[in-house]
Amino acid sequence: MGTNGNEEVTSLYSLSCRDRRFSKHIHDNVHGNIYLDPVPLMIKVFLEMTFCLLLMQFFLQFVDTEQFQRLRELKQLGLTHMVYPGAVHSRFEHSLGVYWLAGEAVHTVQGHQGSEINIERNDIRTVKLAGLLHDVGHGPFSHLFEREFLPRVLNGSEWSHEDMSVKMIDYIVDAHHIEIDSAILNNVKEMVLASSANASQNTVNEKRFLYDIVANGQNGIDVDKFDYIVRDSRACGLGCNFQFQRLLETMRVMGDEICYRAKDYLTVHKLFATRADLHRTVYTHAKVKAIELMVVDALTLAHGELSISASIQEPAKFWKLDDSILRQIETSDKQELKKARDLVLRIRRRDLYQFCNEFAVPKDKQEHFKDITPQDIVCSQKNGDTPLNEEDISVSIVKINLTRGRSNPLESIKFFQDYESDYKFPMRDERISHLLPAFCQDMIVRVYSKKPELVGAVSKAFENYQLKTYGMKAQVHDTPEKKKRRV
């Protein structure tokens with residue numbers, strides 16, 4: 001009887017996965033209908049000695065919590081919407097997209113290689129849950145919070161949203177009494193951390209490839225990028241000719257790692273190139289960076305009064321922190337927040353820090369490059385120049401690469417010739433095309449004047465710095481005279 005009960009549960013589970021009537025569906029503007037699939041629970045009815053099936057909305061247990069719903073209040077691209085008005089999409093919809101693509105990826109390899117790689121129901125559930133929750137610990141304003149604000153107020157803080165996501169997952173499970181197998185929970189957390197600096201050092205004995213689907217620490221190809229590249233491009237009104245479907249439908253597991261067809265090499269390259277283009281034209285747009293510099297200054301000025309960083313180790317408090325912190329500063333009447341409030345008002349009124357100029361750090365100087373500070377610019381002034389203070393200047397160092405610094409991520413990817421072959425191999429750019437870039441990272445130094453009347457003085461000091469450091473003006477063109485004369 002036990003065997004028959006298990007067979008019935010398996011049959012009903014398969015039916016529930018195929019029949020979308022049992023699923024919660026959400027219409028997404030990128031992927032269409034996204035289905036939050038139920039999970040079966042086998043209940044034994046002792047009086048009748050029979051088994052029945054309860055379909056539990058497993059994933060909805062996480063989605064319908066205030067901690068996950070908070071992601072609606074975190075814009076995926078932080079402050080980018082102030083330059084690209086359409087970029088108002090949130091981490092909520094991105095997380096649903098990654099959940100969906102994670103499921104599509106694991107179902108694809110299961111469908112093509114199910115008998116040889118032994119993907120089980122719990123494996124599918126684990127990968128999808130990791131995709132759903134991978135950003136649940138994210139801070140406000142995209143990566144500005146952890147990369148620029150926290151290191152300034154906490155002396156080089158190494159806090160990461162991946163670590164907080166792991167803590168938040170545990171908190172959600174405990175606070176909402178979610179029943180989940182401990183092995184599944186631990187694997188979900190390891191998958192979330194897979195591409196971070198704090199990835200587990202424990203060697204995964206089997207199915208290592210599952211840990212590279214959501215956040216790939218091996219070579220950078222993952223469904224997180226599949227989603228945000230297409231989603232961000234669409235929101236900003238930009239074209240996107242990268243087709244993740246081609247990679248998703250043809251990926252293959254070989255030797256416990258995900259490999260791709262050799263004929264798809266240029267599609268893989270396009271993934272990284274498109275991401276780099278988005279960084280250059282959207283994420284690090286000169287005016288976006290100006291606004292980000294102002295927000296970091298405003299948050300720093302408000303930190304003493306609001307203790308913004310006080311919650312970063314406590315999930316019970318951290319989930320209450322979101323992008324609305326800027327509105328809180330703006331609408332406060334507290335005298336202690338006046339300087340921060342004035343900066344926010346400058347942003348609203350488009351009185352931004354003024355971009356003076358930029359230069360790309362020469363390739364041979366990048367390895368030992370030392371960050372340039374406002375002090376370096378001030379010290380480059382000559383006698384008779386308009387005097388500057390460090391507080392008058394902001395410097396932004398922008399790095400744009402293919403996910404692996406100056407290294408080529410494609411060298412870490414394995415390819416196969418066709419589906420009849422069991423041989424996997426790396427490929428080098430020069431064997432494919434001589435038009436592909438020979439260098440994989442740009443480093444750009446940008447200087448901003450916090451006061452429009454000082455643009456000319458800051459620009460001149462910046463030019464002096466370049467001449468002193470490189471023996472030439474590294475910038476492409478001079479700062480426009482019209483901008484210099486602005487008062």
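Ile213 touches Ala102, Ala105, Val106, Val127, Asp222, Val223 and Ile258, leaving out residues up to four places away in sequence; contact here means heavy atoms within 4.5 Å. The model is predicted, so local features need pLDDT of at least 70 and side-chain atom pairs count only at pLDDT 80 or more, whereas totals for chains, interfaces and linings use all residues. Residues are numbered from 1 along each chain as its sequence is written, and side-chain values use heavy atoms, with hydrogens and water left out.

**Two residues and their surroundings**

- Ile213 lies in the loop between α8 (182-192) and α9 (223-235); helices (H or I, at least four residues) and strands (E, at least two) are DSSP runs, numbered from the N terminus.
- With a relative accessible area of 4%, Ile213 is buried; buried means under 20% relative accessible area, exposed over 50%, and partly exposed in between (1.4 Å probe, protein chains only).
- Ile213 and Ala130 are 83 residues apart in sequence, and their C-alpha atoms are 9.5 Å apart in space.
- Asp123 belongs to helix α5 (residues 121-133) and counts as buried because its relative accessibility is 13%.
- Apart from neighbours within four places in sequence, Asp123 is in contact with Asn118, Lys207 and Leu210.

**Domains and their interface**

- The protein is divided into domain 1 (63-285) and domain 2 (354-402 + 440-486), with bounds that come from an automatic or database domain assignment.
- The centres of the two domains, taken over C-alpha atoms, are separated by 35 Å.
- In the interface, 8 residues of domain 1 are in contact with 7 residues of domain 2.
- Domain 1 and domain 2 bury about 660 Å² between them, 51% of it on carbon and sulfur atoms; buried area is the accessible area (1.4 Å probe) that two parts lose on being put together, summed over both.
- In domain 1, the residues that lose the most area to domain 2 are Phe272, Arg280 and Thr284, together 61% of what that side buries.
- The rule finds 1 salt bridge across this interface, a salt bridge being a side-chain nitrogen of Lys or Arg within 4 Å of a carboxyl oxygen of Asp or Glu.
- Arg280 forms a salt bridge with Asp442, and the closest N and O atoms are 2.2 Å apart.

**Salt bridges in the whole structure**

- Side chains of opposite charge can pair when their charged atoms come close.
- A search of the whole structure finds 29 salt bridges.
- Lys128 pairs with Asp37 in a salt bridge, the closest N and O atoms being 2.9 Å apart.
- Lys128 lies in helix α5 and Asp37 in the loop between β2 (32-36) and β3 (39-45), so this pair ties together parts that are 91 residues apart in sequence.
- Both Lys128 and Asp37 are buried.
- Lys450 and Asp297 meet through their side chains in a salt bridge (3.3 Å, N to O).
- This pair links distant parts of the chain, 153 residues apart: Lys450 is in the loop between β11 (441-449) and α17 (455-470), and Asp297 is in helix α12 (residues 286-306).
- Both Lys450 and Asp297 are buried.

**Positive phi angles**

- Most residues other than glycine have a negative phi.
- His177 is not a glycine, yet has a positive phi of about 55°; His177 is in the loop between α7 (161-175) and α8.
- His177 counts as exposed because its relative accessibility is 68%.
- Arg350, also not a glycine, has a positive phi of about 60° and lies in the loop between α15 (338-348) and β7 (354-360).
- Arg350 counts as partly exposed, at 39% relative accessibility.
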